[in-house]
Amino acid sequence: MNYFPNYYCIEDIFVTQEKVECRVNTKLQRMGFLDAGADSDDLEPGRTVNLPLWYIKELKVNNAYFTISVPEIYRNVHKAVCEAETTHIELGRLHPYFYEFGRYLTPYDRNHVIGRIIFETMRQRVRHLLDISKSDGQSAKSDLKLDNIEAKLHEAGVRTNSQYIDWLQMTGNKIRTSELVEEHQKKRRRADRSDDEGEGLPSSKRATL
Amino acid sequence: MTRPNKLFGDKAFELLKELERSSQTIPAFDDDGVRQVLEEIKAIFEENVAQASTYNASGDRSLWPLLNYRHAALQRNKRCLLAYLYERSKRIKALRWEFGPIIPADIKQALCEPEVQFFNNYSKSLAAYMCSAGYSQGQGLDLTNHLRPPKSLYIEVRCMEDYGKFELEDGEVIHLKKNSQHYLPRAQVESLVRQGILQHLA
């Protein structure tokens, strides 16, 4: 969760890996490899290709080569935003990085609605997010309902809430096994178990043979 | 040139995806993947250099978009690769705080030689700093200890595995056997609890 992603930010790299549909405006020599359906070496005008965001970012908004078309998902959400009914949208299903992806696309949107859409969507949903974080979370949470940022906010909310409850009940000072160690132990136990099964299996086979 | 779906940068992205999938622990260092990305970078660079020189000579701008695309791909590969190494080094640093100065053997396997070196250096710097931090009292300050404010000096713990002998600061030696219960000074056993050898009983 990072509003100003740095160079090493893995999430930002994930977002910029997304593909965007672009229309080719001029003949681009020897760039046919970008178009899987093309049979010539050059990229002909009028074709549409899916280009990764990390390339589009490098282009000027009004470049002569490609016209970037805004993905459907933001147009669909637009309607819900107008009706103030965004809490039921399964954002995660629409796009796992709904907000961050939208932020990158804002300059290419000629109607200037994306910026407003992502702002309004978040504004309407954040209250709901707070509510489900407080109610323990696990039951209300569905993976597809939340986008990446929301899922992290939710996680942070649940964690803070449980810390608060710990503090109220004065159980906060108990020393716990560190999370990393716990995960490592679990993994080792799983590995041990599968080793046992691995040894167990051939012997039973031998018995049947 | 018309190899199918050759967008560049996919291999580098795979590296990061693999790393991200194993949320916290460290997957094995992908020697092969890193080498492939480096090769791709080199190939792109050489093609671009060749084309840039003809561009300079002739001033023919028709290949400029291709040049630009490949340059972006090169930068992208570089970014992915650096992020891959950076994220791993971040997790290695976390290891020092969570597991203490010795990495479990199966995790160590996943690290490459420079990373082990990095861990040792990091461990050394941290130790040096911790020694200097409490210098006025004549002894160092263990920053990995006392992560939560203590309520009592002694705590009740149960041993989760056969650990063996453990010597307390006053010289008393206790045997930590599986499922045995002890009443020990909190400050001295905190790290053992953090490592999952002891369990703190309420």
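Two strands count as paired where DSSP finds at least two bridges between them, and strands (E, at least two residues) and helices (H or I, at least four) are DSSP runs numbered from the N terminus. The legends below describe a predicted model, in which local features need pLDDT of at least 70 and side-chain atom pairs count only at pLDDT 80 or more, while totals for chains, interfaces and linings use all residues. Residues are numbered from 1 along each chain as its sequence is written, with chains lettered from A and ligands numbered from 1 in the order in which they are written.

**Figure 1. The open sheet of chain B.** Strand 1 (residues 154–159) of chain B pairs with strand 5 of chain B in the antiparallel sense, over three bridges. Within this pairing, B:Val157 has B:His200 of strand 5 as its bridge partner. The sheet is open and consists of three strands in the order 4-1-5, with antiparallel pairing. Strand 4 (181–185) and strand 5 (198–200) of chain B are the edge strands, each pairing on one side only. From one strand to the next, the twist averages 40°. Helix 6 of chain B lies across strand 1, strand 4 and strand 5 of chain B and runs at about 125° to strand 4. Such angles run from 0 to 180 degrees between N-to-C directions, and axes are lines fitted to C-alpha atoms, for helices over the stretch in contact.

**Figure 2. The hairpin of strand 2 and strand 3 of chain B.** Strand 2 (residues 164–167) and strand 3 (residues 173–176) of chain B run antiparallel and are joined by four bridges. B:Lys165 stands opposite B:His175 of strand 3 of chain B. Five residues lie between the two strands of the hairpin, and B:Gly171 in the turn has a positive phi of about 95°.

**Figure 3. Packing of helix 1 against helix 3 in chain B.** Two packed helices are described by the angle between their axes and the distance between the axes. For helix 1 and helix 3 of chain B, the axes come within 8 Å and cross at roughly 25°. The two helices are therefore roughly parallel to each other, a term for angles under 35 degrees; those over 145 count as roughly antiparallel, 65 to 115 as roughly perpendicular and the rest as oblique. Residues in contact (C-beta atoms, placed from the backbone, within 7 Å) include B:Phe13 and B:Leu16 of helix 1 and B:Leu81 and B:Tyr84 of helix 3 of chain B. By class, this contact has nine nonpolar, one polar and one charged residues. Here Ala, Val, Leu, Ile, Met, Phe, Trp, Tyr, Cys and Pro count as nonpolar, Asp, Glu, Lys and Arg as charged, and the others, Gly among them, as polar.

**Figure 4. Packing of helix 3 against helix 5 in chain B.** Helix 3 and helix 5 (residues 113–133) of chain B pack at an angle of about 45°, and their axes are 10 Å apart. Helix 3 of chain B is therefore oblique to helix 5 of chain B. Their crossing is right-handed. Among the contacting residues are B:Ile92 and B:Leu95 of helix 3 and B:Phe118, B:Phe119 and B:Tyr122 of helix 5 of chain B. Six nonpolar, two polar and four charged residues make up this contact.

**Figure 5. The contact between chain B and chain A.** Chain B contributes 44 residues to the contact and chain A contributes 33 residues. Helix 1 (10–21), helix 3 (64–99), helix 4 (105–108) and helix 6 (186–194) of chain B are the elements that give two or more residues to the side of chain B that touches chain A. Helix 3 of chain B gives the most, with 15 residues. The side of chain B that touches chain A has 22 nonpolar, ten polar and twelve charged residues.

**Figure 6. The open sheet of chain A.** Three strands of chain A form an open sheet in the order 2-1-3, with antiparallel pairing. Strand 2 (48–52) and strand 3 (66–68) of chain A stand at the edges with a single partner strand each, so one side of each has no neighbour in the sheet. Strand 1 (residues 19–24) and strand 2 of chain A run antiparallel and are joined by five bridges. A:Val20 has A:Leu51 of strand 2 of chain A as its bridge partner.

How values were computed:
Contact = placed C-beta atoms within 7 Å. Left-handed = near helix turned anticlockwise from the far one by under 90°.
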